[in-house]
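Here's a quick tour of a protein model for you. Have a look at the fold first, then read on.

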Amino acid sequence: MGRTARDKRDLPHPEPVEQIELSEKHVGLRFALVILFLALGLGTIAYALFSLLGSKTGWVTIEANNGSLGDVSKEFVFQYRLGAADLSPTEEKKPLTLLYGEAVRRAYQIFVAKDADADEKGLASLNAHPDMEFVVDPGLYEALCVAIKDGNRAIYLGPLYAQYDSLFCSKTDQEAAECDPERNKEVRSEVERLMTYVSDPSMIDLKLLGENRVQLFVSVEYLAYLKENWDTTYLGFGWMQNAFVSDYIADTLLDAGYTNGLLISEDGFVRNMYDGKEEASYAISRRDEGIVSSAGVFRLAGAVSVVYLHDYPLLTTQENSYYVYEDGTIRAPYVNVEDGMLQCATHELILAAPKGDDGKTMGLSELVMYAQKVYVRDDLDRKTLAELMEKGVGHLFFENGAAFVSHEWMIPKME
């Protein structure tokens, strides 16, 4: 693995430590062809991204069995190394499967559902009760604490996330352009107006009162504006949602003593709870103009959180998270919290947080908030990248033919 997070002082600033020679195998960037080596789909994403673990004895995929009940399991793959505990693999698998099913179901009710499936202590209920003191699920309360830390206001972009969902689900360029602020001046004007409200704590503000109690303040003026022009989903996690969901599921499992798992979401969030010797091989890609190519893999060992962002779709299941115009223009889901526009500083960015000297691993929710600050802008925030290195967080991005990496253990290898 080479240098660890403890050796970060040997690499004091984010400079390229090695230029990676890329594969000659290229594909075009139209959506139907953008799948280079991840065309296996979500059902086998665990094996596409983490092939080393998939080949090891004892590793199995745990599937939720919730029947027709809503959950988030279709967006995740959960692998677990059975038999590492005192129980036999068979004895361990049954209660683990039940707990995982309960966790993904509960996560859906708290973070995702907007209908009758929504939990009374979840985000949907909070959105439905502005200006009231409200008790939320402890997991949601923890997520909200992370989301609004240091005055971050991305969670108030709920109406805008709904707008962009319409863009990504468009069937034609004409449909997409109608709700794309980059191609529709009227929509652009409304986005600018919305952002004047979103950025103003006197218009909307979430108060955390302790003991899982919260109060969402929404001004009369902003409420009237939303009802006339937007979806009245005041709060939302948007493209970051599965990072928070991953932490909720992982923490539920860890609290119950299940520590040998690997949770992978389709949109680039990885929570590896397993702290054993076996390594995982993480496949990555890179884009040059209209070409996407394999950039090899880097290997992860031990407990680690990973955020992998890219401005193009990598899986067929991501067709409702991106939109590719006929002229090749791509709209990716990352919303700038300052102006409400879709922005990406580079084609790819990976942040990885291994277990620190204190024995703890940074959660994906905290890591993705850093990723938002660094990546969802015109240019990479290199100052924040350098500060994250001091916290043991590694990064990888490509620029001018070189791979910029913070630590040697993140240097990708061609296999």
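What follows covers the whole chain, then a sheet, a helix pair and a hairpin.

This is a predicted model, where local features need pLDDT of at least 70 and side-chain atom pairs count only at pLDDT 80 or more, while totals for chains, interfaces and linings use all residues. Residues are numbered from 1 along each chain as its sequence is written, and side-chain values use heavy atoms, with hydrogens and water left out.

**The chain overall**

The protein chain has 12 helices and 17 strands; these are DSSP runs numbered from the N terminus, with helices being H or I of at least four residues and strands E of at least two. Of its 415 residues, 54% are buried, meaning under 20% relative accessible area with a 1.4 Å probe, protein chains only. Take the contacts (heavy atoms within 4.5 Å) between residues at least 6 apart in sequence: 69% of them join residues at least 24 apart.

Three strands line up in the order 5-7-6 as an open sheet with antiparallel pairing; strands pair if DSSP finds at least two bridges between them. Strand 5 (133-135) and strand 6 (204-210) sit at the edges, each pairing on one side only. Neighbouring strands here are turned by 30° against each other on average, direction ignored. G210 has R213 of strand 7 as its bridge partner.

| Pair | Bridges |
|---|---|
| Strand 6 and strand 7 (residues 213-218) | 6 bridges |
| Strand 15 (residues 348-354) and strand 16 | 3 bridges |
| Strand 16 and strand 17 (residues 402-405) | 4 bridges |

**Two helices crossing**

Helix 11 (residues 364-375) and helix 12 (residues 382-390) have axes that come within 8 Å and cross at roughly 150° (lines fitted to C-alpha atoms over the stretch in contact, with angles from 0 to 180 degrees between N-to-C directions). That makes the two helices roughly antiparallel, a label for angles over 145 degrees. Y370, K373 and V374 of helix 11 meet T384, L385 and L388 of helix 12.

How many residues of strand 16 (residues 394-399) are buried? The count is 5 of 6, so this strand is mostly covered. On one side, L351 stands opposite H395 of strand 16; on the other pairing, L396 stands opposite V405 in strand 17. Strand 16 and strand 17 form a hairpin with 2 residues between them, and N400 in the turn has a positive phi of about 55°.

Note on methods
Buried < 20%, exposed > 50% of the residue type's maximum accessible area, 1.4 Å probe, protein only. Parallel < 35°, antiparallel > 145°, perpendicular 65-115°, else oblique.
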